[in-house]
Amino acid sequence: MGEEGPSPVSRPKTGEDVVYIFIDTIPDVGFRKGLPVSANYMIEVKGRHSEVLSSTYYEWIGAAAADWKWAVLGSVDVGLETAKMEVGITWEEIEVDPENDRFNVYFFTTDWMMKEGDYSDLEGMIEGPTRAYIGDGSIRGYDLKYHGQYDVYFEESTKSVMFETKDGFYLAWDLPGELGWTDENSESVSIASLGQNGLEIHTSRAIWPDIYSGVSVSVEYLFDGNLLKENIVLEEKLPGSEKESLEYLMLTMPLDYSEDLQILANGIEEDNDVITSKPLDFYHESDCVFSVDAPIAIDAEGDTIECEYVFTKGETERLSLRCPSDWLATASYPVKIDPTLVYYTLETDDYVSHNDNFGIDVEIGDFNGDGYADVLSGAPNNGQDNNYGGRAYIFFGPITGNTVPADVILGFSTSNFENYGSTVGVGDFNNDGCDDAIVAGVNVDVCIKYGSSSLSGTYNTPDVTVSEVESLTSFGRSLAAGNFNGDGNDDLVIGAPDHDPPENGKVYIYYYDSVDWGDTVIDSPPDDTLESLDDTQVGAQFGYSITIGNFYNGSYDDITVGEPFYTSGGTMIGRVNLFNGTALDDNGATPDIPSNYIDGPQGGPGGTDQFGYSLDAGDFNPDTDNDYDDLVVGEPNNDEDAADAGRAYVFLCDDDSRGWLTDNTFPNDIPNPEGGSGGGDQFGYAVGAGGVYDDGGEDFFIGAPFSDNNGAQNGAVYIYYCDGSDTIPTTYTNSQNGTSGGESLGWSVSGGRYVNDTVFNVAAGAPFWDDNSPSRTDAGRVWTMQVPEFSSRDIPMLVIAVALFTIVYRKRRRAIKS
């Protein structure tokens, strides 16, 4: 026997654990002594040795000031688990301020070692471990509240903003009182002081326009859901930026945050300062509550520079944002200093001449299994191997800067004009935890390269080649992977929209088999074939787009196939087709037909809307206890707002195993955000889906590659936040415009977050970007946009006895007489 450990400390048989929960439903009316709220209800729970001894709730009442006291209203129901207590109350009648439909809660807990007498008059409680929830207008006189996953408060007179979690943790700062330079001796040179312009409130943003005296500088906040994005906009060059003696533009903000949070600033310490270009993290115990990304500056041409934070410790903590003056002296204005949103561009230096069109198709995957999102993109006109043979490239995550060169090069062409990289896809076929890269060209075989932890360098031979079924059918125009036989391995889906009879299209399914796929060349017939209901229609292009989802909530994945050139009544309206994965007959000789379909709305006057040109699947309404995937469909040539302005649609799945709604109504119509001025944008040319805002649900994003928002056909990408309900947003939460002439940002889009990612990654192709150094027309690039700005991490309640607090109530409004 080993040595005995120390004897356990004997616990006295007397003493109680106590939880006080104070509730404020009517501002400024109620008990306040030592509290940040005016509580008019209190719940007291006492226990010992994991047993509840008493549970009582009270109301603060009295006929006169001298008579105010806590009056017993009754007992409460308490459910107790390990480190978790749930309190449930039903109030038939509760006074709630008519202007404030929320109540504020303050927790106070103490363990058995505290004397009961300390609490008889409720004194001294502020010294104990507490959690506070601060509600509308009850702290620091904030003028505006924006309610979302986090609450955002603005206070106009002192120009301050507060960002608060549902658990009461807050992070607040004031706008910099002055704009100024620092010189080579670290001395400050003032430029302008904070002015008096008022706060302008818009639907999804707040802005202080021209807020500094004598210079054109505005501060804007964009918010929706759990998103808060701050931009300091320098409309023109600031005085003194050309002086060589000046080093940094310095913006200093007084910083305030919950006293039980600790700030983690990794950087260089100088006196009381920490200088860092890394994110600032605010922790409660072991949990990160807020994460503020490192600041960058972006000019009008899309050039970026990393800026720095200077965190100053002391009685009043300050956060300064500083940017190099030499960069600001040569930048193109306006310049946005953005301490939260980060985006990066990926380029290749693997070229022969012009027109590579890198970014023509992009996918997110984890190809080396390290838990970070990687980016796969094709360059179909690259001539490194053969004339227009094409290549594909993988950039390993996390993406932390503008990246050249790629980590992996896939060069599979064997002759000229094969255009490999025209389409790329992702799947895990051998089920090893590393995603595999699928690369297709134009009328050639489809190639697969298995991912692995050792993946690196250039590969000219694929691990698996799937032979083209018939020539000149656009075999590989669309690619997807899903599990259709329940074996845990992904299976391969390939679209051939130009299949004869002329251009009606076919889709082929290849089930993964370790023996057959081990031969490296699959030249046998496909395991299954999908075709349109109207298979004789010329030019419908069935198989032009494909997405995989669980639309029937069955044991296998389901397939949706786009048929964007489908014609009805002489009008090219488009169609999407649904195939139930459970019903696939695994018989390539007898093609399967759709179990469901939706025709385009025929709403545009142009008659070539191309409904189904792009597709993706995601669960956009998880709060409805519905585990079915939903569908987002692009229609880039829709003319309802303007010629080829484009539209998109979201179709929610029923919970009765019918798949997405089939009554040919379009309740979730996503118009081009630019409306009538968006003519020619082709909004919906590409669509994607994924959990952008890390709240348990999925969101969607839409490309408009010919948008003129920031220059002719520079393109744009729009991100839409879904709140988990059946209400689908029609207004975007965030967007990014292309910055270089005619680069067509949004030609392709993809997104993903893996286990080690702290942000969601949206990749968007801009295949017509011109590389000016060296001079290469249409070289192409890929943007990676990382959102959200403040990471929405789960915050477990770790207070001694309280982990979950739930109140079920009915509210009775006060009668308002006119």
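**Entry 1: strand 42**

I looked up the burial of strand 42 in this predicted model and found that 5 of its 5 residues are buried, so the strand is largely enclosed by the rest of the structure. I took buried as under 20% relative accessible area, exposed as over 50%, and partly exposed as in between, with a 1.4 Å probe and protein chains only. Strands here are DSSP runs of E of at least two residues, helices are runs of H or I of at least four, and both are numbered from the N terminus. I then noted the directions of the side chains: Ser 478, Ala 480 and Gly 482 point one way from strand 42, Leu 479 and Ala 481 point the other way, and all are buried. In a regular strand the side chains alternate between the two faces of the sheet.

I recorded the conventions of the model. Residues are numbered from 1 along each chain as its sequence is written. In this predicted model local features need pLDDT of at least 70 and side-chain atom pairs count only at pLDDT 80 or more, while totals for chains, interfaces and linings use all residues; side-chain values use heavy atoms, with hydrogens and water left out.

**Entry 2: the sheet that holds strand 42**

I traced an open sheet of 4 strands in the order 42-43-44-46, with antiparallel pairing. Its edge strands, which each pair on one side only, are strand 42 (478-482) and strand 46 (528-530). Neighbouring strands are turned by 20° against each other on average, direction ignored; the axes are lines fitted to C-alpha atoms, for helices over the stretch in contact, and angles run from 0 to 180 degrees between N-to-C directions. Two strands pair if DSSP finds at least two bridges between them.

Strands 42 and 43 run antiparallel and are joined by 5 bridges, and Ala 480 has Val 493 of strand 43 as its bridge partner. Strand 43 (residues 491-496) in turn pairs with strand 44 (residues 506-510) over 5 bridges in the antiparallel sense, where Leu 492 stands opposite Tyr 510 of strand 44.

I found another open sheet of 4 strands, in the order 53-54-55-56, with antiparallel pairing. Strand 53 (614-618) and strand 56 (669-671) are its edge strands. Strand 53 runs antiparallel to strand 54 (residues 630-635), with 5 bridges between them, and Leu 615 stands opposite Val 633 in strand 54.

I located Asp 778 in the loop between strand 64 (775-776) and strand 65 (781-787). Asp 778 is buried yet has no salt bridge, and the nearest side chain of opposite charge, Arg 776, is 11 Å away. A salt bridge is a side-chain nitrogen of Lys or Arg within 4 Å of a carboxyl oxygen of Asp or Glu; Lys and Arg count as positive, Asp and Glu as negative, and His and the chain ends are not counted.

Beyond four places in sequence, Asp 778 touches residues including Asn 355, Trp 769 and Asp 770, a contact being heavy atoms within 4.5 Å. Asp 770 is partly exposed, with a relative accessible area of 26%.

**Entry 3: confidence**

I checked pLDDT, the predictor's confidence in each residue from 0 to 100. The protein has a mean of 77. Over residues 788-818 pLDDT stays under 50. Where pLDDT is low, the predicted coordinates should not be read in detail.
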